[in-house]
Amino acid sequence: MPSMSTIESWFCRSTPWEAATGRWVLPWALQGVSPRGRVLEIGGGGGAMAAQILTASPGDVEVTVTDFDPVMVAAAADRLQGFGDRAHAQVADATALPFDDGTFDTVVSFIMLHHVVDWERALAEAARVLAPGGTLVGYDLLGSAPARLLHHLEGAPHRFITRGELHPHLASLPLADVTVRENPIITRFRARRGGGR
């Protein structure tokens, strides 16, 4: 699984991105879902979204941020240190998560699946570690011309989801209530792990 490019790494650790996450990006990305219990953010970069989840959530919410890039994990750990035992950051491959089945009540993935390349496997892992009744929610870029150009120019390894491709894949996993919304450049998704509340 590839690490972030220099441009992406800088952006994910930037103050403007952190400010935008709480005000606009996170509420839009969560699609009305209130993260609960044990939360896993896959490919959480510098931890900006995780910090906003923790700030907006009750004290019983605990967030684990994973990323393949050790530099990003260190940045996330630094950013989240004020949350004490409610926040954890660790290096992990999204296609082989180091957690037991059913560990998390909420799994989130924000604009990172195209970097995994094998995004199908990453989503299967997200479903595996989700507890029965738990929620998977997130968004990603679709293979639009601007997205392809940007990633080509910066040389970042990637594989975009194409329109109409995500829903059938999510529906093939042990997930229920699958919702996928697409526009020409972005897809948002939400699903629930079967067998629970």
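The following legends describe close-up views of a predicted model of one protein chain. Residues are numbered from 1 along each chain as its sequence is written, and side-chain values use heavy atoms, with hydrogens and water left out. In this predicted model, local features need pLDDT of at least 70 and side-chain atom pairs count only at pLDDT 80 or more, while totals for chains, interfaces and linings use all residues.

**Figure 1. Overview of the chain.** Eight helices and seven strands make up the secondary structure of the chain; helices (H or I, at least four residues) and strands (E, at least two) are DSSP runs, numbered from the N terminus. Of the 197 residues, 52% are buried. Here buried means under 20% relative accessible area, exposed means over 50%, and partly exposed lies in between (1.4 Å probe, protein chains only). Among contacts between residues at least 6 apart in sequence, 71% join residues at least 24 apart, a contact being heavy atoms within 4.5 Å. The accessible surface comes to about 8,700 Å², and carbon and sulfur atoms account for 57% of it. Accessible areas come from the Shrake-Rupley method with a 1.4 Å probe; for residues, only the protein chains shown count as cover.

Figure 2. The volume of the second largest pocket is about 150 Å³. A pocket is found on a 1 Å grid over the protein atoms alone, as an open set of points where a 1.4 Å probe fits, with protein on both sides within 12 Å along at least five of seven lines; lining residues have an atom within 4 Å of a point. Grid points are joined across faces, edges and corners, and a volume is the space filled by probe spheres set on the points. The lining of the second largest pocket consists of 11 residues, and those nearest its centre are Leu26, Leu30, Gln52, Ile53 and Ala56. Helix H2 (15-30) and helix H3 (48-56) are the elements that give two or more residues to this lining. H2 supplies the largest share, four residues. By class, the lining of the second largest pocket holds seven nonpolar, four polar and no charged residues. In this scheme Ala, Val, Leu, Ile, Met, Phe, Trp, Tyr, Cys and Pro count as nonpolar, Asp, Glu, Lys and Arg as charged, and the others, Gly among them, as polar.

**Figure 3. The loop residue Gln31.** Gln31 lies in the loop between H2 and E1. Its relative accessibility is 13%, so Gln31 counts as buried. Gln31 has a positive phi of about 55° although it is not a glycine. Most residues other than glycine have a negative phi.

Figure 4. The structure holds seven salt bridges, each a side-chain nitrogen of Lys or Arg within 4 Å of a carboxyl oxygen of Asp or Glu. Side chains of opposite charge can pair when their charged atoms come close. In the bridge between Arg38 and Glu62, the closest N and O atoms are 4.0 Å apart. Arg38 belongs to strand E1 (residues 38-42) and Glu62 to strand E2 (residues 62-67), so the pair ties together parts that are 24 residues apart in sequence. Arg38 is partly exposed at 35% relative accessible area, and Glu62 is partly exposed at 26%.

Figure 5. Glu120 and Arg159 meet through their side chains in a salt bridge (2.6 Å, N to O). This pair links distant parts of the chain, 39 residues apart: Glu120 is in helix H6 (residues 119-129), and Arg159 is in the loop between helix H7 (145-154) and helix H8 (166-171). Glu120 is partly exposed at 21% relative accessibility, as is Arg159 at 30%. A network of salt bridges links Asp101, Arg121, Glu125 and Arg128.

Figure 6. A salt bridge joins Asp177 to Arg192, with the closest N and O atoms 2.9 Å apart. Asp177 lies in strand E6 (residues 175-182) and Arg192 in strand E7 (residues 186-193), so the pair ties together parts that are 15 residues apart in sequence. Asp177 is exposed at 52% relative accessibility, whereas Arg192 is partly exposed at 21%. Phi of Asp177 is near 50°, a positive value in a residue other than glycine. Thr179 also lies in strand E6 and is partly exposed, with a relative accessible area of 22%. Not counting residues up to four places away in sequence, Thr179 touches Arg188, Phe189 and Arg190. The C-alpha atoms of Thr179 and Arg192 are separated by 9.6 Å, the two residues being 13 apart along the chain.
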